[in-house]
Every structure is written in C-alpha cells, then in structure tokens.
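Hello,

Here is the structure we talked about handing over. Please look through it first; my notes on what was found follow below.

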Amino acid sequence: MIRQLDLILLIFIVICAIAAINIKDLMSAVIILGAYGFFMCLLWTEMGAVDVAFTEASVGAGIGTVLFIAAINKTSRRSKD
Amino acid sequence: MLEYILAKYNYWIYVVLMMIGLYAMMGKRNLVKKLIGMNIFQTSIILFFVSMGVKKGGATVPILMGDSHGHGEQLIQVADYLNPLPHVLMLTAIVVSIATTGVALATLILIYKRYHTLEEDEILAIRKEASAYKTLGT
Amino acid sequence: MKNWFKWISLIAVIMTGALLIYGTHDMPAWGDPNSPANSHVSPRYILEATKLTATPNIVSAVLADYRSYDTLGESAVIFTASISCLFLLRRIRKEKTSEDK
C-alpha cells in the first residue's frame with residue numbers, strides 16, 4: 001500500500017472517466033474506456049487483489065473493448081454529445 | 001482534520017467516479033455513451049467493494065506461502081493476509097457486468113437496424129411520428 | 001428543452017453524491033484492519049482454507065469450494081446472456097437474407 005501511487009492512479013482514473021464521457025467520437029471514447037479499465041487493474045494490483053486485477057485486465061478491458069468496437073463497427077461512430 | 005481527510009478521501013473519489021457514471025447515464029443522449037456510463041458506474045462500485053478488504057500494516061496478497069498441503073507448522077496470522085471475501089464476490093460481479101454489456105450491445109445493434117440512429121431524442125421523435133401516423137390512418 | 005434536462009440530471013447527480021459523501025462519515029477509516037468487514041467471516045477463511053481444501057490460494061479456494069454454488073449461478077447467468085445474444089443477433093441475419101432473396 002503506497003499512498004502516493006494510490007492517489008496518482010485514482011486521479012488518472014477520474015481523468016480517464018471524464019474524458020470517456022465527453023469525447024464526441026465514439027471509437028476514441030471506447031479506447032479511453034479500455035485505458036480506464038487498465039488503470040483500474042493497476043490500482044487493484046496495488047491494493048493486493050491480484051485475482052480481481054487479472055480478471056479485469058482480460059475480461060473487462062479486453063473483451064469489453066472488443067465487444068464495444070464490434071458494435072460500433074456495425075452501427076454509427078458519430079455522437080452528438 | 002487532516003487525519004479525517006486522509007482516512008476518508010478514498011471513499012470520496014469513489015463517490016466522484018459514481019457521479020460521473022450516473023451523469024453519463026442520465027444526461028447524455030447517445031446510447032453508447034449511456035453504456036459507457038454504466039460501465040464506469042459498475043467499476044466504481046466494484047472498486048469500493050475491493051477497497052473494503054484492504055488492511056494496512058504489512059498485509060499481503062491472500063496466497064499462503066510454504067507447504068501447499070496444509071500440514072506445515074507455520075503459524076497463520078489473520079492480520080498478515082488481506083480479506084479474500086470481497087475479492088471473490090467482485091470476481092463474480094466483473095463477469096456478470098461483461099455479460100450485461102454484451103446483451104446491451106446486441107440490443108443496440110437491433111435498435112440501429114430499426115431506426116438508423118443511436119440518439120435517444122431522434123428515436124423518440126421517430127416513434128412519436130409513427131404512432132401519430134397510425135392513429136391518423138385508423 | 002434539451003438543456004433543462006441536462007441541468008436537472010446534474011442537480012440530481014450532485015444531490016446523490018452529497019448524500020453518499022455524508023454517508024461516508026460513518027464508514028470505518030480506509031484500510032482499518034479491525035473494521036467489521038475484516039473481522040467477521042474472513043478470519044475463518046484465512047485460518048482454515050488451506051487446511052480444509054489443500055489450496056494455497058485462498059481466493060480460488062473460496063470461489064470454487066466454499067461458494068461453488070455461487071459460481072454455478074454465475075455460469076448460469078453467462079449462459080443466459082450468450083443464448084439471448086445468439087437469438088437477438090440471429091434475427092438480423094434472417095431478415096437480411098430474406099431481403100436479399
């Protein structure tokens with residue numbers, strides 16, 4: 001448990017979350033959501049939850065991003081807000 | 001006061017993450033944006049639960065060292081290992097959240113095939129127009 | 001019409017967040033080893049899991065042995081989700097082929 005590393009990772013996570021919901025291009029938003037998932041996985045490794053961290057890295061950040069990209073390829077990429 | 005902030009600021013950041021997700025689910029009009037907000041919401045709740053199992057003061061990952069058959073003579077102290085119970089429950093929650101996202105994306109593809117847009121207000125306008133046309137026709 | 005909805009949702013979100021931050025006043029301090037979540041069920045797992053299941057990883061011992069019915073339910077959820085995805089996306093393909101013919 002390193003408090004400074006914890007705080008830096010939490011700030012990165014909040015920045016990624018705000019960017020993911022504010023970007024108009026949906027593909028960029030989904031890629032930033034994947035980056036958010038990997039920062040979350042780093043934070044969990046730092047908290048000692050190793051099993052949760054690699055489940056999140058493979059399932060949440062990997063398969064989730066792939067599903068989102070497949071759905072956006074089948075639909076439209078533009079967004080009004 | 002500083003001690004109080006240091007003890008509680010983690011919870012406040014989780015609440016901020018939850019607020020971002022909830023705002024994206026309520027205020028944004030694009031359906032993919034709503035899904036992204038739902039993912040952020042779920043991940044913040046999972047982060048809160050995982051952080052409940054943290055023990056300060058030299059606790060390590062809940063994997064026991066030494067003899068794997070449990071016949072070792074080493075003494076296990078509870079304070080030396082993190083709480084494994086939230087990790088187990090949240091392992092289940094992550095997999096369930098990705099299943100939810102998959103079903104939601106399949107529904108999204110169906111909505112796009114039918115209305116050719118993903119904006120909520122345009123879909124509502126098309127539906128209103130169609131229902132008005134139907135009542136006019138009958 | 002578009003903007004007032006966003007403002008109302010922003011106000012609702014801020015009120016929810018203020019309520020939750022007020023609720024953290026009663027939470028135990030972050031990382032407290034003696035908090036209620038750390039002192040009720042999990043000491044039994046930490047002390048006895050390796051002896052009873054011969055698995056050094058406590059998380060997988062609890063996931064697949066103590067709470068295996070929970071994992072069974074989780075796999076039922078994944079099965080339901082995959083089957084519903086299959087049915088939802090199969091309808092599209094049939095419509096497209098009927099349009100082609």
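Chain C of this predicted model has five helices and zero strands. Read from the N terminus, the elements of chain C follow the order α-α-α-α-α. The chain C count is 101 residues, and 25% of them are classed as buried. For the accessible surface of chain C, the figure is about 7,100 Å², with 66% belonging to carbon and sulfur atoms.

Chain B with chain C

This contact draws on 51 residues from chain B and 50 residues from chain C. Together, chain B and chain C bury about 4,900 Å². Carbon and sulfur atoms account for 73% of that area.

How many residue pairs are in polar contact between chain B and chain C? The count is 13, with both residues of each pair at pLDDT 80 or more. On the side of chain B that touches chain C, three helices each supply at least two residues: α1 (2-27), α2 (31-52) and α3 (84-115) of chain B. Which of them gives the most to that side? It is α3(B), with 17 residues. Sorted by class, the side of chain B that touches chain C holds 33 nonpolar residues, 12 polar ones and six charged ones.

As for salt bridges, the count between chain B and chain C is zero.

Chain A with chain C

Here the contact takes five residues from chain A and four residues from chain C. The area that chain A and chain C bury between them is about 380 Å², and 54% of it lies on carbon and sulfur atoms. There are zero salt bridges between chain A and chain C. By class, the side of chain A that touches chain C has two nonpolar residues, three charged residues and no polar ones.

For quick reference when you set up your own files:

- Chain B with chain C: about 4,900 Å² buried, zero salt bridges, 13 residue pairs in polar contact (both at pLDDT 80 or more).

Regards

Conventions: Residues numbered from 1 in each chain as written. Chains lettered and ligands numbered in written order. Predicted model: local features only at pLDDT ≥ 70, side-chain atom pairs only at ≥ 80, totals over all residues. Heavy atoms only, no water. Contact = heavy atoms within 4.5 Å. Buried area = accessible area lost by both parts, 1.4 Å probe. Salt bridge = Lys/Arg side-chain N within 4 Å of Asp/Glu carboxyl O. Polar contact = N/O pair within 3.5 Å; in protein donor to acceptor, adjacent residues only side chain to side chain. Helix = DSSP H or I, 4+ residues; strand = E, 2+ residues; numbered from the N terminus. Nonpolar A, V, L, I, M, F, W, Y, C, P; charged D, E, K, R; others polar. Buried < 20%, exposed > 50% of the residue type's maximum accessible area, 1.4 Å probe, protein only. Areas by Shrake-Rupley, 256 points an atom, 1.4 Å probe, with all protein chains shown as cover.
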